[in-house]
Amino acid sequence: MKNERYKLILLCWEEGQTTPIHGHGGENCWVYFVDGQFSETIYNMEDKMKVLEENEMLSGAGSYTTDSSRLHSIKNETQGRGMTL
């Protein structure tokens with residue numbers, strides 16, 4: 001579902017699936033962890049190999065990022081499929 005103000009995407013993650021280190025093209029990004037256990041790694045903007053923090057994200061947790069604040073990567077740590085919104 002999307003309109004001119006937002007895009008809503010339900011993602012199904014396979015066990016161990018990980019995103020590359022990325023930003024969001026100048027857009028704000030909220031992630032709601034619907035089902036499963038995930039890890040979110042936050043990276044330095046100037047040196048994306050430098051890890052700033054690592055967070056465990058369980059079902060019901062949320063995360064917010066902007067390109068001006070950080071780069072990140074998300075990994076499904078669930079034994080099976082996980083879902084984010």
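Strand E2 supplies three residues to the lining of the largest pocket, the largest share. The model is predicted, so local features need pLDDT of at least 70 and side-chain atom pairs count only at pLDDT 80 or more, while totals for chains, interfaces and linings use all residues. Residues are numbered from 1 along each chain as its sequence is written, and side-chain values use heavy atoms, with hydrogens and water left out.

A strand here is a DSSP run of E, at least two residues, numbered from the N terminus. A pocket is an open set of points on a 1 Å grid over the protein atoms alone, where a 1.4 Å probe fits, with protein on both sides within 12 Å along at least five of seven lines; lining residues have an atom within 4 Å of a point.

The largest pocket holds about 670 Å³ of space. Its lining has 21 residues, and Lys-7, Ile-9, His-24, Cys-29 and Trp-30 lie nearest the centre. Strands E1 (11–13), E2 and E6 (71–76) each give two or more residues to that lining. By class, 10 lining residues are nonpolar, seven polar and four charged.

Now Val-34, which sits in E2, residues 29–35.

From His-22 to Asn-76 is 54 residues in sequence and 16 Å in space, C-alpha to C-alpha.

How values were computed: Helix = DSSP H or I, 4+ residues; strand = E, 2+ residues; numbered from the N terminus. Points joined across faces, edges and corners; volume = space filled by probe spheres on them. Nonpolar A, V, L, I, M, F, W, Y, C, P; charged D, E, K, R; others polar.
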